[in-house]
Amino acid sequence: MAEGIVKYQASDGSEVKLSPGIVARYVITGGQQVDDREIFGFMAKCQARHLNPLAGDAYMTAYKNKKTGRVEASVIVSKDYFVRTATQQPGFDGIKAGVVVWDKRAGDMRYREGTIYSKAQEQLVGGWAEVYDKGRSHPSRAEVSLDEYDQHRSLWLSKPATMIRKVALVQALREAYPGAYGGIYDRDEMPEPPEPVAAQAAEVEREAEVQAAVQPPAPEPADEHDAEDAEHAAEADAQAQAEYEAEYYDEDQEF
């Protein structure tokens with residue numbers, strides 16, 4: 001690590017260059033100051049695991065522990081990285097994953113591959129996953145409870161089956177290949193920071209600063225007709241942006 005900069009090739013094949021300044025500005029979330037040791041530790045972990053944080057593979061979240069008063073930081077990794085790295089293992093032989101539901105009429109637990117279930121007849125209670133490797137006689141299996149991981153916000157409200165299945169899959173992959181995933185976690189495996197409102201406000205403020213820097217102010221309309229045209233154009237732009245986000249939003253890369 002010369003002069004605080006690391007260069008390496010990520011598992012996605014891209015060349016990555018990280019410095020403390022890049023990490024502090026673009027990778028750390030939570031609105032807290034992180035000391036240099038944590039930042040250099042994050043850079044070293046990304047280099048060792050071939051993570052590309054600039055492409056959404058990983059980020060660092062930091063928040064203040066109310067009991068100790070200290071800032072705590074964790075390295076969070078996307079599901080895509082876990083799956084991509086697993087497929088690169090020599091013995092990898094596929095995965096299965098799904099949800100666990102309670103059948104209200106039959107009164108028993110059922111395991112469903114995928115995420116489809118009947119909300120009228122079934123209650124979602126958890127997720128499961130199996131990872132197969134040619135060198136092992138039995139798959140690595142994980143089962144997780146929805147109550148334990150449901151954060152009652154964001155995609156957990158709109159896509160609980162998808163989210164709990166993802167948690168189970170990541171845990172099964174870690175059990176199958178512990179050497180590849182030691183010390184890294186998917187964000188939905190981690191507890192919600194104790195000050196989520198402050199952290200979210202910091203993220204919104206940072207995004208607003210970036211937008212202000214790259215978007216010049218709109219010109220003042222010349223007259224009443226120009227003002228109406230500008231208003232209609234703004235509404236059309238907002239609708240187009242909403243449609244784009246709805247189609248391409250990726251829950252694993254939400255910083």
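Reader: In which loop does H50 lie?

Author: H50 lies in the loop between α2 and β4, where helices (H or I, at least four residues) and strands (E, at least two) are DSSP runs, numbered from the N terminus. This is a predicted model, in which local features need pLDDT of at least 70, side-chain atom pairs count only at pLDDT 80 or more, and totals for chains, interfaces and linings use all residues. Residues are numbered from 1 along each chain as its sequence is written, and side-chain values use heavy atoms, with hydrogens and water left out.

Reader: Why does H50 count as partly exposed?

Author: Buried means under 20% relative accessible area, exposed means over 50%, and partly exposed is in between (1.4 Å probe, protein chains only). H50 has 38% relative accessibility, so it counts as partly exposed. Its phi is near 60 degrees, a positive value in a residue other than glycine.

Reader: And why is H152 called exposed?

Author: The relative accessible area of H152 is 58%, which is over the limit for exposed, and therefore the word applies. H152 is found in the loop between α4 (146-149) and α5 (155-158), and phi of H152 is near 55 degrees, again positive in a residue other than glycine.

Reader: What makes D57 and R84 a salt bridge?

Author: The term asks for a side-chain nitrogen of Lys or Arg within 4 Å of a carboxyl oxygen of Asp or Glu. The closest N and O atoms of D57 and R84 are 2.8 Å apart, so the pair meets the definition. It links distant parts of the chain, with D57 in the loop between α2 (36-49) and β4 (58-64), R84 in helix α3 (residues 79-87), and 27 residues from one to the other. D57 counts as buried because its relative accessibility is 4%, whereas R84, at 22%, is partly exposed.

Reader: How many salt bridges does the structure hold, and what is the distance, N to O, for R37 and D35?

Author: The structure holds seven salt bridges, one of which joins the side chains of R37 and D35 at 3.7 Å, N to O. R37 counts as exposed at 71% relative accessibility, while D35 is partly exposed at 38%.

Reader: Which parts does the pair of R141 and E130 tie together?

Author: R141 and E130 form a salt bridge whose closest N and O atoms are 2.5 Å apart. Because R141 lies in strand β9 and E130 in strand β8, the pair ties together parts that are 11 residues apart in sequence.

Reader: What makes a set of residues a nonpolar core, and which residues have the most contacts inside the largest one?

Author: Such a core is a set of buried Ala, Val, Leu, Ile, Met, Phe, Trp, Tyr and Cys residues joined through side-chain atoms within 4.5 Å. The largest here has 52 residues, and those with the most contacts inside it are V77, L124, I164, Y177 and Y181. Helix α6 (residues 160-176) supplies the largest share, 10 residues. With contact meaning heavy atoms within 4.5 Å, Y181 touches R49, Y81, F82, T85, A86, L173 and R174, not counting residues up to four places away in sequence.

Reader: Over which residues does pLDDT stay under 50?

Author: On the scale of pLDDT, the predictor's confidence in each residue from 0 to 100, the chain has a mean of 77, and 70% of its residues reach 70 or more. Residues 193-226 stay under 50, and the model has 18 contacts for them beyond four places in sequence. Residues 240-255 are also below 50, with 27 contacts beyond near neighbours in sequence. Where pLDDT is low, the predicted coordinates should not be read in detail.
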